[in-house]
Amino acid sequence: MAQLSKTSLSYYLSEYLADLQRAGVQDVWRGDDVKSEEPPPTARRQSVQTSPSATEPAPTPATAPQPPRSSSASDGAVRASQGDDRVAQLQTIAAEVAKCELCPELVSNRTQTVFGVGNPYSELVFIGEGPGAEEDLRGEPFVGRSGKLLTDMIEKGMGLSRSDVFICNVVRCRPPGNRNPAESEARACRPFLDATLDVVRPKFVCCLGAVAATNLLGVNESMSRLRGNVYEYKGAQVVCTYHPAYLLRNPAAKKDAWQDLQLLMKLMGLELPSRRR
Ligand code: URA
């Protein structure tokens, strides 16, 4: 079992108890002091469906998987009791990631590794490129400006909660200067990505940007060619869209990204906004 700091443990317990409460479990006391070199398998295209820097870094615990939230909370608790404890499994992988020293340049520049965050029982995983400056400081993926946009895409666009999905990156250490991860770095980190996906077993994956898409799917295509298609990886349906950082630089592409999200929502059986009450 991975070692957890007291702060992290308090955080997990606090979140977990809150989930139980939301799921209707009575008499839950939360206390006062709780705060919170393998080539990738070739992807198969299914059918074509459609058209920081913070000043002084706060000492934040490295983010690791949180227990399930909202409607899946009690479900998660039941699954954990039945031996499907994805929180513990992901914590074990996160502990391996934290010890990893395979990429010397990344290791010497990182504040900490950035494993992933979200609901390990989610049907949906978002995969980005690699942590930026803010993520490196806080230990959580997509918490900077791109992260804010991603959260809006998930919450305002798709009508989900950020904590309902799982979010991770191709590489778990910040590439200095926010450069793209080198091929060798993505390859070195690949077992962690695959292990994460093996635990979460998502039905749907959304690749954010060409780095995520080309690495996951083992293809060499531009985003404009990748988007609009549905691919398959490890049993999940995969859609690709522009990286939020690209959308911040090119707001005109947001309408394409919105089409991509709608494709994803259709696959997931989610109601499109016009039909929402
Ligand atoms: N960009 C990414 O690809 N991942 C992050 O976590 C943050 C920014």
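**Helix packing, core and ligand shell**

Helices (H or I, at least four residues) and strands (E, at least two) are DSSP runs, numbered from the N terminus. The model is predicted: local features need pLDDT of at least 70 and side-chain atom pairs count only at pLDDT 80 or more, while totals for chains, interfaces and linings use all residues. Residue numbers start from 1 along each chain as its sequence is written.

Helix α8 (residues 210-217) is largely enclosed by the rest of the structure, because 8 of its 8 residues are buried. A buried residue has 20 or more other C-beta atoms within 10 Å of its own; an exposed one has 12 or fewer, and a partly exposed one falls in between, with C-beta atoms placed from the backbone. The buried residues run through Ala210, Val211, Ala212, Ala213, Thr214, Asn215, Leu216 and Leu217. They pack against β3 (124-128), α7, β5 (204-208), α9 (223-226), β6 and β7. Contact here requires C-beta atoms, placed from the backbone, within 7 Å.

The largest nonpolar core has 57 residues. Such a core is a set of buried Ala, Val, Leu, Ile, Met, Phe, Trp, Tyr and Cys residues joined through C-beta atoms within 7 Å. Val125, Ile127, Cys207, Ala213 and Val238 have the most contacts inside the core. Helix α7 (residues 183-200) supplies its largest share, 7 residues. Leaving out residues up to four places away in sequence, Cys207 touches Ile127, Ala212, Ala213, Leu216, Val238 and Cys240.

Helix α7 also pairs with α3 (residues 86-99). Their axes come within 10 Å and cross at roughly 175°. Axes are lines fitted to C-alpha atoms, for helices over the stretch in contact, and angles run from 0 to 180 degrees between N-to-C directions. The two helices are therefore roughly antiparallel, a term for angles over 145 degrees. Arg86, Gln89, Leu90, Ile93 and Val97 of α3 meet Phe192, Ala195, Thr196, Val199 and Val200 of α7.

Two loop residues other than glycine have positive phi. Asn178, between β4 (166-169) and α7, has phi near 60°. Lys234, between β6 (229-233) and β7 (236-241), has phi near 50°. Asn178 is partly exposed, with 15 other C-beta atoms within 10 Å. Lys234 is also partly exposed, with 13.

The residues around the ligand are Gly128, Glu129, Gly130, Pro131, Gly132, Glu135, Pro141, Phe142, Ser146, Gly147, Asn169 and Ala245.

Key:
A residue is near a molecule or strand if its C-beta atom, placed from the backbone, lies within 6 Å of it. Two residues are in contact if their C-beta atoms, placed from the backbone, lie within 7 Å. Angles under 35 degrees count as roughly parallel, over 145 as roughly antiparallel, 65 to 115 as roughly perpendicular and the rest as oblique.
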